[in-house]
Amino acid sequence: MRTLLDWIDRVNAAHPWSHNDHYIPWILRQLPPAAERALDVGCGTGTLLRALAGRVAVVDGIDCDPAMAARSGARRADLFDLPPEPAYDVVTTVAMLHHVPLEPGLTRLRSLLRPGGRLLVVGCYRQATAADRATDLLAVPANLAIGVLAGRRAGDATPAPTAPARETLREIRAAAPAAAVRRRVFWRYTLVEDAAG
């Protein structure tokens, strides 16, 4: 078993790809049709920012990591430092929410939405159930295949600051009862929540 795990690690290291960028097409399909202003929180290298700019007139990005903000051309800022005013038709965040306290983070993200706006989250969760582990097992061969077949063309694999996920899917659903939360492959979940109009 250790030999197989070592081989998987070597293949992944030789063929890196971005699990986060894999979900950009999903995010673009969820955009509100009349969205005019978007904010990407924790924008990393800016791949999603560039994709959003092709669909939304005004796109802002923030990242609290100075290297990532410089790389993406975004503003260096912390989620909790933003002005408390609803200014956006859509707020996106990918693999960022587990870096902040969940409920305050969700509350802050929601507060940035205009009435009728949409929050789109691709997040990381802590595996805790048999369904989580089964999805993980399915992800391993798919992860290897995408890495070998697409390599860096599948997204920017530039390392960004990471942290282990703290909350389970059950805890995330409890913190966002009005949202549609779904378990996804590649160790991610998606969350869609619409602000009251």
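From the N terminus on, the elements of the protein chain follow the order α-α-β-α-β-α-β-β-α-β-α-α-β-β, which amounts to 7 helices and 7 strands. Helices (H or I, at least four residues) and strands (E, at least two) are DSSP runs, numbered from the N terminus. The model is predicted: local features need pLDDT of at least 70 and side-chain atom pairs count only at pLDDT 80 or more, while totals for chains, interfaces and linings use all residues. Residues are numbered from 1 along each chain as its sequence is written, and side-chain values use heavy atoms, with hydrogens and water left out.

Of the 197 residues in the protein chain, 47% are buried (under 20% relative accessible area, 1.4 Å probe, protein chains only). Contacts are heavy atoms within 4.5 Å; among those between residues at least 6 apart in sequence, 71% join residues at least 24 apart.

In soluble globular proteins, nonpolar side chains tend to be buried together. Here the largest nonpolar core has 28 residues, and V91, L97, Y189 and L191 have the most contacts inside it. Two or more residues of this core come from each of strand 1 (37-41), strand 4 (88-94), helix 5 (102-111), strand 5 (113-123), helix 7 (169-175) and strand 7 (188-194). Apart from this core lies another, of 21 residues, including Y23, I27, A35 and V56. A nonpolar core is a set of buried Ala, Val, Leu, Ile, Met, Phe, Trp, Tyr and Cys residues joined through side-chain atoms within 4.5 Å.

Which residues does L191 touch, beyond those up to four places away in sequence? They are W26, L106, L119, L120, V121, I172, A176, A179, A180 and V181. With neighbours within four places in sequence left aside, V181 is in contact with L169, I172, R173, Y189, T190 and L191.

The whole structure has 1 cavity of 30 Å³ or more. A cavity is a set of points, on a 1 Å grid over the protein atoms alone, where a 1.4 Å probe fits but cannot get out; lining residues have an atom within 4 Å of a point. The largest cavity holds about 40 Å³ of space, and its lining consists of L97, H98, L102, C124, E167, I172 and Y189.

Terms used. Buried < 20%, exposed > 50% of the residue type's maximum accessible area, 1.4 Å probe, protein only. 1 Å grid on protein atoms, 1.4 Å probe; cavity = no way out; pocket = protein on both sides within 12 Å on 5 of 7 lines; lining within 4 Å. Points joined across faces, edges and corners; volume = space filled by probe spheres on them.
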